[in-house]
Amino acid sequence: MAVTTLFFDLDGTVSNNFDGISRCLNYALQKLGFPQLADSEVKPFVGPPFRESLPRAFPGIDTEAALHYYRHRYEHTGWAENSLYDGIGDAIRQLHLQGFTIALCTSKPRVFAEKILDHFDLPRYFDGIHGPEFDGRFDQKTDLLAHLVNHYKVAPANAVMIGDRDKDVEAALHAGTHSLGVLWGFGSHEELQNAGAHRIIESPAQLIHTVHSIA
């Protein structure tokens, strides 16, 4: 059966928001008296929900307070410390013109995801923009993608989850969709392969051909 529906991750797949994420995370940690993180130490936090990763990395941290400080800076400054990956906007536009249903499936709060796609003039190519709510609903990408498969009434075999981290692959396996790992973001080939990605590509230029080759 042919693929009809594409679910895209945001951070590390559509846009590179590392600077914004890093500065906002360090701002929150500073406010709570924790040491600042180097770039290499921030990378594991890009993708998974903070409610999961922060308590594991900083035992005893007030996670909700950290989220408050993070979101305060992010809302005003962090979301714009962002750039679009070369070629991804054009690839998404072409896939839209070819008739694919395209939706965003991100671990970033939905309101921020909407703001970022609007900043890059991309919403016209998306049938929906989906992410967690501030209360924690859909924090887990496995829950969000399973919900979206039902929401879009698509057979899992006709859908692809496209993302750069193991969480994207795990969500795809959980929902029964195909998984397409990308290497221009924050995850390694080893991470994606170990998670069970069906396909792995190196650049946005390979995206269209690969989507068409999935059966």
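**Reading a predicted model: helices, sheet and cores**

Q: What hand does the crossing of helix 3 and helix 4 have?
A: Helix 3 passes helix 4 in a right-handed crossing. This description, like those that follow, concerns a predicted model. The axes of helix 3 (residues 50–57) and helix 4 (residues 63–76) come within 10 Å and cross at roughly 120°.

Q: What makes helix 3 and helix 4 meet, in terms of residues?
A: Contact requires heavy atoms within 4.5 Å. On the side of helix 3, the residues that meet helix 4 are Phe50, Arg51, Leu54 and Pro55. Their counterparts in helix 4 are Thr63, Glu64, Ala66, Leu67, Tyr70 and Arg71.

Q: How do you know that strand 1 and strand 4 pair?
A: Two strands pair if there are at least two bridges between them. Four bridges join strand 1 (residues 5–8) to strand 4, therefore the two strands pair, and they run parallel. Within this pairing, Leu6 has Ile102 as its bridge partner, and Phe8 stands opposite Leu104.

Q: How do you know that strand 4 and strand 5 pair?
A: The requirement is again at least two bridges. Three bridges join strand 4 to strand 5 (residues 128–130), so these parallel strands also count as a pair.

Q: Why is strand 4 described as largely enclosed by the rest of the structure?
A: A residue is buried when its relative accessible area is under 20%. Four of the five residues of strand 4 (residues 101–105) are buried, so the strand is largely enclosed by the rest of the structure.

Q: Why do strand 5 and strand 8 count as edges of the sheet?
A: The open sheet has six strands in the order 5-4-1-6-7-8, with parallel pairing. Strand 5 and strand 8 (199–201) each have a single partner strand, so one side of each lacks a neighbour in the sheet. From one strand to the next, the twist averages 20°.

Q: Which residues have the most contacts inside the largest nonpolar core?
A: This core has 52 residues, and those with the most contacts inside it are Leu6, Phe8, Leu25, Leu95, Phe126 and Leu207. Helix 1 (residues 18–31) supplies the largest share of the core, six residues. A second, separate core of 14 residues includes Cys105, Leu144, Tyr152 and Ala175.

Q: Why is Gln140 called partly exposed?
A: Partly exposed residues lie between the buried limit of 20% and the exposed limit of 50%. Gln140 has 33% relative accessibility, so it counts as partly exposed. Gln140 is found in the loop between strand 5 and helix 7 (141–151). Leaving aside neighbours within four places in sequence, Gln140 is in contact with Pro49 and Glu52.

Q: Why is Ser83 called partly exposed?
A: The relative accessibility of Ser83 is 36%, between 20% and 50%, and therefore Ser83 counts as partly exposed. Ser83 is found in strand 3 (residues 83–84). Apart from neighbours within four places in sequence, Ser83 is in contact with Ser15, Asn16 and Phe120.

Conventions: Residues numbered from 1 in each chain as written. Predicted model: local features only at pLDDT ≥ 70, side-chain atom pairs only at ≥ 80, totals over all residues. Heavy atoms only, no water. Buried < 20%, exposed > 50% of the residue type's maximum accessible area, 1.4 Å probe, protein only. Axes fitted to C-alpha atoms, helices over the stretch in contact; angles between N-to-C directions. Core = buried A, V, L, I, M, F, W, Y, C linked by side-chain atoms within 4.5 Å. Left-handed = near helix turned anticlockwise from the far one by under 90°.
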